[in-house]
Amino acid sequence: MPDAEGHPSLEEMHLRSVMNALSDPLRYEVISELVRGPEGSERHCSSFGLPVSKSTRSHHFRILREAGLIRQVDRGNSRMAQLRRADLETRFPGLLDLIRENPPETRRVP
């Protein structure tokens, strides 16, 4: 059962949910940036510069959290996103290496 904030346990992380979360280009971009960052680093959700409204950004981060890709931590009046690196390496060995080796496509400006 997910914890109070909606983070699934290691056993509750399913490949289909993870792949579904990564199928969206913006969510893939977020995870790709976190993979390339230092281990244990936290980033404010707005720091990714996603070209969407605040509510849509919140939706994307909820999908990532519920799939088990990130842990969201409250820091005062904001939430920080942290890659669940160790959990992902345990549950899906090699997945983060694949993401690191396959960066997202460059965003097109409309």
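View A. Aspartate 97 is partly exposed, with a relative accessible area of 36%. (Buried means under 20% relative accessible area, exposed over 50%, and partly exposed in between, with a 1.4 Å probe and protein chains only.) The model is predicted: local features need pLDDT of at least 70, side-chain atom pairs count only at pLDDT 80 or more, and totals for chains, interfaces and linings use all residues. Residues are numbered from 1 along each chain as its sequence is written, and side-chain values use heavy atoms, leaving out hydrogens and water. Aspartate 97 forms a salt bridge with arginine 100, with the closest N and O atoms 2.7 Å apart. (A salt bridge is a side-chain nitrogen of Lys or Arg within 4 Å of a carboxyl oxygen of Asp or Glu.) Both residues lie in helix H5 (residues 95–101), three residues apart, about one turn of the helix. (Helices, H or I of at least four residues, and strands, E of at least two, are DSSP runs numbered from the N terminus.) Arginine 100 is partly exposed too, at 33% relative accessibility.

**View B. The salt bridge between arginine 62 and glutamate 66 in helix H3****.** The closest N and O atoms of this pair are 3.1 Å apart. Being four residues apart in helix H3, arginine 62 and glutamate 66 are separated by about one helical turn. Arginine 62 is partly exposed at 33% relative accessible area. Glutamate 66 is partly exposed at 42%.

**View C. The salt bridge between arginine 84 and aspartate 87****.** Here the closest N and O atoms are 2.9 Å apart. Arginine 84 is buried, with a relative accessible area of 6%. Aspartate 87 counts as partly exposed, at 24%. The whole structure holds six salt bridges.

**View D. The aromatic pair of phenylalanine 48 and phenylalanine 61****.** It is the one aromatic pair in the structure. The ring centres are 5.7 Å apart and the planes stand at 45°, so the pair is tilted. (Rings of Phe, Tyr and Trp, its six-membered ring, pair if their centres lie within 6.5 Å; planes under 30 degrees apart count as stacked, over 60 as edge-to-face, the rest as tilted.) Phenylalanine 48 sits in the loop between strand S1 (43–44) and helix H3 (54–67), and phenylalanine 61 in helix H3, 13 residues apart. Arginine 43 lies over the face of phenylalanine 48, at 4.0 Å from the ring centre. (A charge sits over a ring if NZ of Lys or CZ of Arg is within 6 Å of the ring centre and within 35 degrees of the ring normal.)

**View E. The largest pocket, with a volume of about 240 Å³****.** (On a 1 Å grid over the protein atoms alone, a pocket is an open set of points with protein on both sides within 12 Å along at least five of seven lines; in a cavity a 1.4 Å probe fits but cannot get out; lining residues have an atom within 4 Å of a point. Points are joined across faces, edges and corners, and a volume is the space filled by probe spheres set on them.) The lining includes His44, Cys45, Phe61, Arg62, Gln72 and Asn77. H3 and strand S3 (78–83) each give two or more residues. H3 gives the most, with six. The lining has two nonpolar, five polar and five charged residues. (Ala, Val, Leu, Ile, Met, Phe, Trp, Tyr, Cys and Pro count as nonpolar, Asp, Glu, Lys and Arg as charged, and the others, Gly among them, as polar.)
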